[in-house]
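Subject: Model handover, with notes on helix packing

Hello,

Here is the model I promised to pass on to you. Please open it alongside this message, and my notes follow below.

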Amino acid sequence: MIELIHKYPILIKLLLTLVTVAFVFTGGYFFTREDTSSYAAKVGKAKIGMQEYQDTLTRMEELYRKIYQGSIPPEMMKKIEKQALDTLVDKEILLQEAEKQGISVSDDELSDAVHENKSFLGDDGRFSKERYIGILKANGMTPAVYEKEMKDELTVDKLRKMVKDAVYLSENEVRDAYKKQLAAQKKEFKEEEFQAQKENLWRVQTLLAQEKLMSSFMDGLRKNYKVEPNPSLKPAA
(Lines give C-alpha, C1' and ligand atoms only; values in the text may rest on other atoms or scores of the structure.)
Protein backbone atom coordinates (compact mmCIF):
# COMPACT_ATOMS: atom_id res chain seq x y z
CA MET A 1 0.00 0.00 0.00
CA ILE A 2 2.78 2.42 0.95
CA GLU A 3 4.62 1.72 -2.31
CA LEU A 4 1.46 2.38 -4.32
CA ILE A 5 0.91 5.75 -2.65
CA HIS A 6 4.45 6.84 -3.46
CA LYS A 7 4.06 5.67 -7.05
CA TYR A 8 0.59 7.11 -7.62
CA PRO A 9 0.06 10.40 -5.67
CA ILE A 10 -3.56 10.46 -6.83
CA LEU A 11 -4.26 7.68 -4.33
CA ILE A 12 -3.41 9.89 -1.37
CA LYS A 13 -5.75 12.58 -2.69
CA LEU A 14 -8.59 10.09 -2.97
CA LEU A 15 -7.90 8.55 0.42
CA LEU A 16 -7.66 11.96 2.06
CA THR A 17 -11.06 12.90 0.63
CA LEU A 18 -12.60 9.72 2.05
CA VAL A 19 -11.01 10.30 5.43
CA THR A 20 -12.27 13.89 5.46
CA VAL A 21 -15.85 12.75 4.91
CA ALA A 22 -15.58 10.13 7.64
CA PHE A 23 -13.95 12.63 10.01
CA VAL A 24 -16.80 15.10 9.73
CA PHE A 25 -19.53 12.60 10.50
CA THR A 26 -17.87 10.45 13.16
CA GLY A 27 -17.13 13.03 15.82
CA GLY A 28 -14.38 15.09 14.21
CA TYR A 29 -14.66 18.75 13.41
CA PHE A 30 -14.63 20.47 10.05
CA PHE A 31 -12.05 23.12 9.26
CA THR A 32 -12.95 26.64 8.18
CA ARG A 33 -11.21 29.08 5.87
CA GLU A 34 -11.41 31.95 8.32
CA ASP A 35 -9.08 34.89 7.76
CA THR A 36 -7.48 35.05 11.21
CA SER A 37 -4.28 36.66 12.40
CA SER A 38 -2.91 33.17 13.01
CA TYR A 39 -2.23 31.93 9.52
CA ALA A 40 -0.44 28.94 8.03
CA ALA A 41 0.21 30.58 4.68
CA LYS A 42 -0.73 33.56 2.56
CA VAL A 43 -1.80 33.03 -1.04
CA GLY A 44 -1.94 36.43 -2.63
CA LYS A 45 -4.07 38.51 -0.27
CA ALA A 46 -5.90 35.49 1.16
CA LYS A 47 -4.86 33.67 4.31
CA ILE A 48 -5.08 29.99 5.19
CA GLY A 49 -5.90 29.76 8.89
CA MET A 50 -3.58 27.88 11.23
CA GLN A 51 -6.57 25.95 12.55
CA GLU A 52 -7.41 24.80 9.04
CA TYR A 53 -3.85 23.59 8.61
CA GLN A 54 -3.90 21.75 11.94
CA ASP A 55 -7.21 20.07 11.11
CA THR A 56 -5.96 18.94 7.71
CA LEU A 57 -2.73 17.67 9.25
CA THR A 58 -4.70 15.72 11.86
CA ARG A 59 -6.74 13.94 9.18
CA MET A 60 -3.63 13.10 7.19
CA GLU A 61 -1.92 11.72 10.30
CA GLU A 62 -4.95 9.49 10.91
CA LEU A 63 -4.70 8.20 7.35
CA TYR A 64 -0.99 7.45 7.53
CA ARG A 65 -1.29 5.75 10.93
CA LYS A 66 -3.68 3.30 9.30
CA ILE A 67 -1.28 2.81 6.40
CA TYR A 68 1.71 2.23 8.69
CA GLN A 69 -0.44 0.33 11.18
CA GLY A 70 0.82 2.36 14.10
CA SER A 71 3.36 5.11 14.55
CA ILE A 72 4.52 7.24 11.64
CA PRO A 73 8.29 7.37 10.95
CA PRO A 74 9.73 10.84 11.80
CA GLU A 75 10.99 11.39 8.26
CA MET A 76 7.51 10.66 6.88
CA MET A 77 5.91 13.00 9.42
CA LYS A 78 7.87 15.93 7.99
CA LYS A 79 6.63 15.04 4.51
CA ILE A 80 3.05 14.84 5.78
CA GLU A 81 3.33 18.34 7.29
CA LYS A 82 4.49 19.69 3.94
CA GLN A 83 1.78 17.78 2.09
CA ALA A 84 -0.93 19.17 4.38
CA LEU A 85 0.17 22.74 3.70
CA ASP A 86 0.63 22.14 -0.03
CA THR A 87 -2.88 20.68 -0.24
CA LEU A 88 -4.43 23.78 1.30
CA VAL A 89 -2.33 26.17 -0.78
CA ASP A 90 -3.33 24.39 -3.99
CA LYS A 91 -6.98 24.54 -2.98
CA GLU A 92 -6.76 28.29 -2.40
CA ILE A 93 -4.98 28.79 -5.72
CA LEU A 94 -7.71 26.85 -7.50
CA LEU A 95 -10.43 28.88 -5.79
CA GLN A 96 -8.81 32.14 -6.86
CA GLU A 97 -8.28 30.84 -10.39
CA ALA A 98 -11.90 29.68 -10.61
CA GLU A 99 -13.03 33.17 -9.65
CA LYS A 100 -10.81 34.68 -12.37
CA GLN A 101 -12.34 32.34 -14.93
CA GLY A 102 -15.89 33.07 -13.84
CA ILE A 103 -16.49 29.57 -12.48
CA SER A 104 -19.05 29.55 -9.69
CA VAL A 105 -21.60 27.34 -7.96
CA SER A 106 -25.24 28.40 -7.94
CA ASP A 107 -27.48 28.25 -4.89
CA ASP A 108 -29.45 25.46 -6.56
CA GLU A 109 -26.29 23.40 -7.15
CA LEU A 110 -25.26 23.87 -3.53
CA SER A 111 -28.74 22.95 -2.30
CA ASP A 112 -28.74 19.79 -4.42
CA ALA A 113 -25.35 18.73 -3.04
CA VAL A 114 -26.52 19.22 0.55
CA HIS A 115 -29.83 17.43 0.02
CA GLU A 116 -28.17 14.49 -1.75
CA ASN A 117 -25.78 13.84 1.13
CA LYS A 118 -26.92 10.52 2.61
CA SER A 119 -25.73 11.57 6.06
CA PHE A 120 -28.57 14.08 6.20
CA LEU A 121 -31.39 11.74 5.20
CA GLY A 122 -34.09 10.90 7.70
CA ASP A 123 -35.75 7.54 8.33
CA ASP A 124 -38.05 8.16 5.37
CA GLY A 125 -35.07 8.49 3.03
CA ARG A 126 -35.64 12.20 2.48
CA PHE A 127 -33.54 15.18 3.52
CA SER A 128 -34.07 16.01 7.18
CA LYS A 129 -33.32 19.60 8.20
CA GLU A 130 -33.39 18.53 11.83
CA ARG A 131 -30.80 15.82 11.22
CA TYR A 132 -28.74 18.21 9.08
CA ILE A 133 -28.53 20.84 11.80
CA GLY A 134 -28.02 18.20 14.49
CA ILE A 135 -25.04 16.58 12.77
CA LEU A 136 -23.42 19.94 12.07
CA LYS A 137 -23.95 21.07 15.66
CA ALA A 138 -22.42 17.85 16.98
CA ASN A 139 -19.33 18.62 14.91
CA GLY A 140 -19.08 22.23 16.04
CA MET A 141 -20.34 23.66 12.77
CA THR A 142 -23.12 25.92 11.57
CA PRO A 143 -24.95 25.51 8.25
CA ALA A 144 -23.26 28.71 7.03
CA VAL A 145 -19.77 27.32 7.68
CA TYR A 146 -20.56 23.91 6.18
CA GLU A 147 -22.22 25.36 3.09
CA LYS A 148 -19.32 27.76 2.51
CA GLU A 149 -16.89 24.82 2.57
CA MET A 150 -19.18 22.74 0.36
CA LYS A 151 -19.45 25.58 -2.14
CA ASP A 152 -15.66 25.92 -2.25
CA GLU A 153 -15.24 22.18 -2.86
CA LEU A 154 -17.82 22.19 -5.64
CA THR A 155 -16.17 25.22 -7.24
CA VAL A 156 -12.74 23.56 -7.20
CA ASP A 157 -14.28 20.36 -8.59
CA LYS A 158 -15.76 22.33 -11.50
CA LEU A 159 -12.38 23.79 -12.41
CA ARG A 160 -10.66 20.41 -12.14
CA LYS A 161 -13.33 18.84 -14.33
CA MET A 162 -12.92 21.56 -16.94
CA VAL A 163 -9.19 20.83 -17.14
CA LYS A 164 -9.55 17.05 -17.15
CA ASP A 165 -12.32 17.05 -19.76
CA ALA A 166 -9.73 18.33 -22.24
CA VAL A 167 -8.18 14.85 -22.25
CA TYR A 168 -9.16 12.51 -25.08
CA LEU A 169 -7.33 9.30 -25.90
CA SER A 170 -7.79 7.50 -29.20
CA GLU A 171 -7.83 3.72 -29.43
CA ASN A 172 -4.37 3.78 -31.00
CA GLU A 173 -2.98 5.79 -28.08
CA VAL A 174 -4.41 3.29 -25.61
CA ARG A 175 -3.03 0.41 -27.67
CA ASP A 176 0.44 1.99 -27.80
CA ALA A 177 0.44 2.53 -24.04
CA TYR A 178 -0.57 -1.10 -23.52
CA LYS A 179 2.21 -2.28 -25.83
CA LYS A 180 4.79 -0.29 -23.85
CA GLN A 181 3.47 -1.77 -20.63
CA LEU A 182 3.79 -5.31 -21.99
CA ALA A 183 7.23 -4.58 -23.43
CA ALA A 184 8.45 -3.47 -20.00
CA GLN A 185 7.18 -6.78 -18.64
CA LYS A 186 8.73 -8.65 -21.59
CA LYS A 187 5.34 -9.93 -22.66
CA GLU A 188 3.92 -10.33 -26.14
CA PHE A 189 1.15 -8.07 -27.39
CA LYS A 190 -1.97 -9.87 -28.60
CA GLU A 191 -4.71 -7.92 -30.31
CA GLU A 192 -7.50 -10.16 -28.99
CA GLU A 193 -6.35 -9.61 -25.41
CA PHE A 194 -6.18 -5.88 -25.99
CA GLN A 195 -9.74 -5.82 -27.36
CA ALA A 196 -10.99 -7.78 -24.34
CA GLN A 197 -9.41 -5.31 -21.93
CA LYS A 198 -9.81 -2.16 -24.02
CA GLU A 199 -12.45 -0.42 -21.90
CA ASN A 200 -10.56 -0.92 -18.64
CA LEU A 201 -7.28 0.10 -20.27
CA TRP A 202 -8.92 3.23 -21.67
CA ARG A 203 -10.25 4.19 -18.22
CA VAL A 204 -6.88 3.72 -16.55
CA GLN A 205 -4.93 5.54 -19.27
CA THR A 206 -7.45 8.38 -19.31
CA LEU A 207 -7.18 8.77 -15.54
CA LEU A 208 -3.38 8.86 -15.72
CA ALA A 209 -3.46 11.36 -18.61
CA GLN A 210 -5.92 13.56 -16.71
CA GLU A 211 -3.76 13.57 -13.61
CA LYS A 212 -0.70 14.40 -15.70
CA LEU A 213 -2.53 17.32 -17.31
CA MET A 214 -3.86 18.50 -13.95
CA SER A 215 -0.35 18.35 -12.48
CA SER A 216 1.01 20.43 -15.37
CA PHE A 217 -1.89 22.88 -14.99
CA MET A 218 -1.14 23.29 -11.27
CA ASP A 219 2.57 23.79 -11.93
CA GLY A 220 1.67 26.64 -14.24
CA LEU A 221 -0.75 28.22 -11.76
CA ARG A 222 1.70 28.10 -8.85
CA LYS A 223 4.07 30.35 -10.80
CA ASN A 224 1.37 33.02 -11.00
CA TYR A 225 0.49 33.16 -7.29
CA LYS A 226 2.64 34.50 -4.49
CA VAL A 227 2.68 32.01 -1.60
CA GLU A 228 4.11 32.94 1.81
CA PRO A 229 4.13 30.14 4.41
CA ASN A 230 4.14 31.20 8.05
CA PRO A 231 7.80 31.35 9.17
CA SER A 232 6.90 29.17 12.16
CA LEU A 233 6.14 26.29 9.80
CA LYS A 234 9.23 24.62 8.45
CA PRO A 235 8.09 21.67 6.32
CA ALA A 236 10.66 19.43 4.71
CA ALA A 237 11.91 20.56 1.32
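Before the helix pairs, a word on terms: the axes are lines fitted to C-alpha atoms, for helices over the stretch in contact, and the angles run from 0 to 180 degrees between N-to-C directions. Please also keep in mind that this is a predicted model.

With that in hand, take helix H6 (residues 129-138) and helix H7 (residues 143-164): their axes cross at roughly 90 degrees and come within 9 Å. Angles of 65 to 115 degrees count as roughly perpendicular, so H6 is roughly perpendicular to H7. On the H6 side the contact is made by Tyr-132, Ile-133 and Leu-136, and on the H7 side by Pro-143, Tyr-146 and Glu-147. Sorted by class, the contact of H6 with H7 has 5 nonpolar residues, 1 charged residue and no polar ones.

The overall picture

The protein chain holds 9 helices and 3 strands. Along the sequence, the pattern reads α-α-β-β-α-α-α-α-α-α-α-β. Of the 237 residues in the protein chain, 35% are buried. Among contacts with a separation of 6 or more, 68% are between residues 24 or more positions apart.

Helix H3 covers residues 50-68. Its 19 residues, at 1.5 Å a residue, should span 27 Å, and the end C-alpha atoms are 26 Å apart, which agrees. Several residues of H3 are buried, including Met-50, Tyr-53, Asp-55, Leu-57, Arg-59, Leu-63 and Ile-67.

How do H3 and helix H4 (residues 74-100) pack, and how far apart are their axes? The angle is about 135 degrees, with the axes 9 Å apart. Roughly antiparallel would need an angle over 145 degrees and roughly perpendicular one of 65 to 115, so H3 and H4 are oblique to each other. The crossing of H3 past H4 is right-handed.

From H3, the residues that meet H4 are Glu-52, Tyr-53, Thr-56, Leu-57, Met-60, Glu-61, Tyr-64 and Tyr-68. Facing them in H4 are Met-76, Met-77, Ile-80, Glu-81, Gln-83, Ala-84, Leu-85 and Leu-88. By class, the contact of H3 with H4 has 11 nonpolar, 2 polar and 3 charged residues.

Glu-52 deserves a look of its own. The C-alpha atoms of Glu-52 and Leu-88 are 8.4 Å apart, although the two residues are separated by 36 positions along the chain.

Helix H7 again, this time with H9

H7 also packs with H9, at an angle of about 115 degrees and with the axes 9 Å apart. That makes H7 roughly perpendicular to H9, and H7 passes H9 in a right-handed crossing. The residues that meet are Leu-159, Arg-160, Val-163 and Lys-164 in H7 and Gln-210, Glu-211, Leu-213, Met-214 and Phe-217 in H9. This contact of H7 with H9 has 5 nonpolar, 1 polar and 3 charged residues.

Helix H9 covers residues 191-222, and Thr-206 is found in it. With 9% relative accessibility, Thr-206 counts as buried. Leaving aside residues up to four places away in sequence, Thr-206 touches Val-167 and Leu-169.

Most residues other than glycine have a negative phi. Which phi does Gln-69 take? The value is positive, near 55 degrees, in a residue other than glycine. With a relative accessible area of 76%, Gln-69 is exposed.

Lys-186 is not a glycine either, yet has a positive phi of about 60 degrees. Lys-186 lies in the loop between helix H8 (171-184) and H9. At 79% relative accessibility, Lys-186 counts as exposed.

Those are my notes for now. Happy browsing!

Best wishes

Definitions and conventions:
Residues numbered from 1 in each chain as written. Predicted model: local features only at pLDDT ≥ 70, side-chain atom pairs only at ≥ 80, totals over all residues. Heavy atoms only, no water. Helix = DSSP H or I, 4+ residues; strand = E, 2+ residues; numbered from the N terminus. Parallel < 35°, antiparallel > 145°, perpendicular 65-115°, else oblique. Contact = heavy atoms within 4.5 Å. Nonpolar A, V, L, I, M, F, W, Y, C, P; charged D, E, K, R; others polar. Expected span 1.5 Å × (residues − 1). Buried < 20%, exposed > 50% of the residue type's maximum accessible area, 1.4 Å probe, protein only. Left-handed = near helix turned anticlockwise from the far one by under 90°.
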